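Please read these points with the structure open beside them.

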Amino acid sequence: QNQLASKLVSDYKKVSASQTQVEHAFLPENNVLEFVAAVDSIASRHAIIHTIHFDTPTFTGFTLGDDTDPVTKVTFNLTLQTNAYIATQFLKELEQLPYFVDVNSVAISSQKETGWKDQSNITIQGVLYTRSKQNI
């Protein structure tokens with residue numbers, strides 16, 4: 001029993017040290033500009049023309065911390081004008097952002113005969129998970 005208690009305390013210390021980092025991965029639902037700025041930065045590095053649109057936040061049924069900080073989700077549509085190779089690099093960098101983001105679908109449409117290897121419209125649909133509280 002003492003070993004189990006010791007292990008639980010040790011595991012808790014590991015988790016609690018990361019708790020702040022995890023909580024900061026949930027942006028405030030009324031201020032997703034940090035996420036937008038990160039997306040803009042990635043797009044700028046790759047010379048991608050893009051637009052992003054957000055829906056209204058909805059409650060997920062989950063809470064953070066002491067159960068008084070509801071987790072919400074904000075569905076977004078991100079449109080890129082680039083080729084599939086650069087879009088792949090964009091997605092890799094998007095995945096590395098320190099936010100809870102879930103990409104649900106990627107659609108590519110091209111009007112040229114050469115297809116997605118050339119300039120295409122790429123639509124990314126996803127969810128940004130946020131928190132209702134403004135400060136943690």
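1. The accessible surface of the protein is about 8,800 Å², with 52% of it supplied by carbon and sulfur atoms. Accessible areas come from the Shrake-Rupley method with a 1.4 Å probe, and for residues only the protein chains shown count as cover. This is a predicted model in which local features need pLDDT of at least 70 and side-chain atom pairs count only at pLDDT 80 or more, while totals for chains, interfaces and linings use all residues. Residues are numbered from 1 along each chain as its sequence is written, and side-chain values use heavy atoms, with hydrogens and water left out.

2. There are three helices and six strands, in the order α-β-α-β-β-β-α-β-β along the sequence. These elements are DSSP runs numbered from the N terminus (helices: H or I, at least four residues; strands: E, at least two).

3. Of the 136 residues, 29% are buried (under 20% relative accessible area; exposed is over 50%, partly exposed in between). Among contacts (heavy atoms within 4.5 Å) with a separation of 6 or more, 68% are between residues 24 or more positions apart.

4. The largest nonpolar core contains 21 residues. Such a core is a set of buried Ala, Val, Leu, Ile, Met, Phe, Trp, Tyr and Cys residues joined through side-chain atoms within 4.5 Å. F35, L78, L80, F90, L97, Y99 and L128 have the most contacts inside this core. Two or more residues come from each of α2 (33–45), β4 (69–82), α3 (84–95) and β6 (120–131), and α2 gives the most, with six.

5. F35 is buried, at 0% relative accessibility. Beyond its neighbours within four places in sequence, F35 contacts L27, I52, F54, F76, L94, L97, Y99, V101 and L128.

6. Five aromatic pairs are counted (Phe, Tyr and Trp rings, the last by its six-membered ring, with centres within 6.5 Å; stacked under 30 degrees between planes, edge-to-face over 60, tilted for the rest). F26 and F100 form a tilted pair, 4.5 Å centre to centre with 40° between the planes. F26 lies in the loop between α1 (2–24) and β1 (27–28) and F100 in the loop between α3 and β5 (101–109), so the pair ties together parts 74 residues apart in sequence. F26 is buried at 10% relative accessible area, whereas F100 is partly exposed at 34%.

7. F35 and F54 pair edge-to-face, at 6.3 Å centre to centre and 70° between the planes. This pair links helix α2 to strand β2 (residues 49–54), 19 residues apart. F54 is partly exposed, at 27%. Ring pairs join F35, F54, F76 and Y99 into a cluster.

Note on methods:
Buried < 20%, exposed > 50% of the residue type's maximum accessible area, 1.4 Å probe, protein only.
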